[in-house]
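Subject: Structure handover

Hello,

Here is the structure I said I would pass on. Please open it first and read my notes after that.

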Amino acid sequence: MPDVIVNAAAYTNVEKAEMEQDLAFTVNGHALVNICEEIDNFNRAQSRNLPLIHFSTDYVFDGNGNEPNLPFDRVNPINIYGKSKAKGENNILSSNVSYLIFRTSWIVSRYRDNFVKTILKKIETNSEISVVNDQYGAPTSAEFIADFLYELFQLESIESKKGLYHICAQGETTWYELADFILKTFVEIKGVPERALLPIHPIATSTLKTSATRPRNSRLCCNSLIKTFPFEYTHWKMQITEIVKVLLK
Ligand SMILES: NC(=O)c1ccc[n+]([C@@H]2O[C@H](COP(=O)([O-])OP(=O)(O)OC[C@H]3O[C@@H](n4cnc5c(N)ncnc54)[C@H](OP(=O)(O)O)[C@@H]3O)[C@@H](O)[C@H]2O)c1
């Protein structure tokens, strides 16, 4: 018998989603109808009220403006991945199931392929690196999210915390500034002179040929999360430093 139900599964390839629209909508959208129906059936049969804990994304917003997006700001996705994730959120909101939806952004980790590992590999081989400098958000460590979930599971009644929240690291940056921070952390840890490494080039998103449009403003306002759940909400620089340290060990 489950005590918690977490859905972190998703179709996450933003580029391929433009070509595989049906699959993206099936996994990120329609699957939530089925998941909610199953939870509802289970709750009725067992006289329980298990909520669904679901992860969503900053990509449900259009990225206009310069302020952090609030949980109940208008959703207006600009690519298929964002549209399919927004559909999933709507399917949960219109179900009978209690929910905690956590929108997050820019997930990085010591595990699997992600931005931090890609940049570190390029730094280690002193390769040319160009990174976009006009998308704003908060890089967030998967470990931070996992630790948050662990604390959440210790609470007496998760059901009473039902809602739509934003969860990401504190602070904001651009992908270019993040790459430069990784380079500076590398230099500090390895004790190599920065002049020995090629500098990272800031570029505009418009110079890249991509199928999917990316939101410029991916900032998420986490105030309602911070008010509701006591937790150590750390800055992105601290989270990135931890990952780089582990990867360079
Ligand atoms: N990564 C980010 O920057 C980011 C940002 C904002 C929000 N999010 C959200 O956070 C959640 C986790 O993302 P992630 O980055 O960890 O994604 P990920 O690395 O692509 O992992 C997605 C997982 O979903 C599984 N999955 C995909 N299709 C499935 C299906 N039809 N049935 C069962 N499982 C399926 C995949 O299984 P396989 O490994 O077997 O393929 C994989 O384990 C998602 O909801 C995503 O939208 C991620």
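Contact here means heavy atoms within 4.5 Å. Helices (H or I, at least four residues) and strands (E, at least two) are DSSP runs, numbered from the N terminus. The model is predicted, so local features need pLDDT of at least 70 and side-chain atom pairs count only at pLDDT 80 or more, while totals for chains, interfaces and linings use all residues. Residues are numbered from 1 along each chain as its sequence is written, and side-chain values use heavy atoms, with hydrogens and water left out.

Helix packing

Two packed helices are described by the angle between their axes and the distance between the axes. Axes are lines fitted to C-alpha atoms, for helices over the stretch in contact, and angles run from 0 to 180 degrees between N-to-C directions. Angles under 35 degrees count as roughly parallel, over 145 as roughly antiparallel, 65 to 115 as roughly perpendicular and the rest as oblique.

Start with helix α4 (residues 115-124) and helix α8 (residues 236-248), whose axes come within 11 Å and cross at roughly 55°. α4 is therefore oblique to α8. On the α4 side, Val116, Lys117, Leu120 and Glu124 meet Ile240, Ile243, Val244, Leu247 and Leu248 of α8. This contact has 7 nonpolar, no polar and 2 charged residues. For these classes, Ala, Val, Leu, Ile, Met, Phe, Trp, Tyr, Cys and Pro count as nonpolar, Asp, Glu, Lys and Arg as charged, and the others, Gly among them, as polar.

α8 also packs with helix α6 (residues 175-190): the two axes come within 10 Å and cross at roughly 50°. α6 is therefore oblique to α8, and this crossing is right-handed. Residues of α6 in the contact include Leu178, Phe181 and Ile182, and those of α8 include Trp236, Ile240 and Val244. The contact of α6 with α8 divides into 9 nonpolar, 2 polar and 3 charged residues.

Helix α2 (residues 21-46) and α3 have axes that come within 8 Å and cross at roughly 10°. α2 and α3 are therefore roughly parallel to each other.

Pockets

A 1 Å grid over the protein atoms alone was used; a pocket is an open set of points where a 1.4 Å probe fits, with protein on both sides within 12 Å along at least five of seven lines, and lining residues have an atom within 4 Å of a point. Grid points are joined across faces, edges and corners, and a volume is the space filled by probe spheres set on the points.

The largest pocket has a volume of about 1700 Å³. It is lined by 45 residues, with Thr12, Trp106, Ile107, Asp113 and Asn114 nearest its centre. Its lining has 22 nonpolar, 15 polar and 8 charged residues. Elements that each supply at least two of the lining residues include α3 (80-93), α4 and α5 (142-153).

The second largest pocket has a volume of about 290 Å³. Of its 13 lining residues, Phe144, Asp147, Thr234, Gln239 and Glu242 are the closest to its centre. α8 gives the most to this lining, with 5 residues.

Regards

Terms used
A crossing is left-handed if the near helix is turned anticlockwise from the far one by less than a right angle, and right-handed if clockwise.
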